[in-house]
Amino acid sequence: MSDKSDPVNKGDRNKIYFLVVVIIALLGTNAYLFIKDKKENERFATVSTEKDRLKLEVEKIEVELDKVNALNLTLSEKLLKEQELARGKIAELKAALQKGVLTQTELIAAQKEVRDLREFMKTYNDDILRLKKENSLLKNERDSLKASANFASERASELEKRNLELREKVKTGAALKAANVHITAYKVKSSGKNIEVTRASSAKKLSVKFDIAQNELAQKDYHKIYLRVFDPAGNLIANENNMFEADGQEMQFSSSTSISYNDDNTTFNMDWINPNEFIKGEYSIILYADGYTMGRAEIMLR
């Protein structure tokens, strides 16, 4: 057959082959770029997700450190230093993760840092837990000691109170008590002779005689005796400067003397000269010794 009968000549056929090759090459290039871009997008999405996860992990670790501070524990120098280092590392990681894009190398480094930080927090939390237990034991021991101290203090106070009460009872029991108290009124003659009287108009002084009741607790020594005299109207006859204490209060006395007590049944006598005129009626006297009432008696003057 003649070449003239072929509708497509050889030159045109070559062009067609070339165009087909070019199209196929373009399609291959587009497919390669599409796949590459898809992988890059997937890798970027993976990196971004991992970065967000690491950010969240770092924030959780920081919250754990804040919780430790909220416990108000007294941390050792070692724990304080470790916490300071951890917070520095957290700040570095947070700054690194704030970057817009992380390379694969940076991401791997950040992952390692977070793993190390998490491992540190595990050890750190174990130390804090142990410290809490120690503090709890110390608190229980302190509370126990405090309770024991309070009990001992209360016991000591109670014993001191009982001792005071016992001392007061002993003191009260040791005080002299008068027995057979008797009052006699006398007039005093110019010669100094005392004559017993019953009339107020002629009386000048009162003489109080008394015995001391037997008392094994009383000290065999000198004892101060105080006398208070009341007129028929109930008025105390005393010098306002003559003061003493008895029965828990300060009071005036009419006269005083000292006696030597030997528990030998001695009868004692105490005279009182009225600075005023006697009046008709009943005079009463009260004797005091060792801070307590010793005895009392009355006499009627006509």
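The structure is a predicted model, and the pLDDT averages 80 over the chain, with 81% of the residues scoring at least 70. Four strands make up an open antiparallel sheet, and β5 and β6 form a hairpin.

**Confidence**

- Although the chain average for pLDDT is 80, the value falls below 50 over residues 40–45.

**The four-stranded sheet**

- The sheet is open, its strands follow the order β2-β1-β3-β8, and the pairing is antiparallel.
- Because β2 (194–197) and β8 (267–273) each have a single partner strand, they stand at the edges of the sheet, and one side of each is left without a neighbour there.
- When direction is ignored, neighbouring strands of this sheet are turned against each other by 40 degrees on average.
- Strand β1, which spans residues 178–188, runs antiparallel to β2 and is joined to β2 by four bridges.
- Within the pairing of these strands, Ala185 has Val197 of β2 as its bridge partner.
- As background, strands of a sheet pair through backbone hydrogen bonds, in either a parallel or an antiparallel manner.

- Strand β5 (residues 243–246) pairs with strand β6 (residues 249–252) in the antiparallel sense, and four bridges connect the two.
- Met243 is placed opposite Gln252, a residue of β6.
- Two residues lie between β5 and β6 in this hairpin, and Asp247, located in the turn, has a positive phi of about 55 degrees.

- For context, most residues other than glycine have a negative phi.
- Asn180 is a residue other than glycine whose phi is positive, near 55 degrees, and its place is in strand β1.
- With a relative accessibility of 60%, Asn180 counts as exposed, because exposed means over 50% relative accessible area.
- Asp263 likewise has a positive phi near 55 degrees without being glycine, and this residue is found in the loop between β7 (255–260) and β8.
- The relative accessible area of Asp263 is 24%, so this residue is classed as partly exposed, a category that lies between the buried limit of under 20% and the exposed limit of over 50%.

Methods:
Residues are numbered from 1 along each chain as its sequence is written. This is a predicted model: local features need pLDDT of at least 70, side-chain atom pairs count only at pLDDT 80 or more; totals for chains, interfaces and linings use all residues. Side-chain values use heavy atoms; hydrogens and water are left out. Two strands pair if DSSP finds at least two bridges between them. Axes are lines fitted to C-alpha atoms, for helices over the stretch in contact, and angles run from 0 to 180 degrees between N-to-C directions. pLDDT is the predictor's confidence in each residue, from 0 to 100. Contact means heavy atoms within 4.5 Å. Buried means under 20% relative accessible area, exposed over 50%, partly exposed in between (1.4 Å probe, protein chains only).
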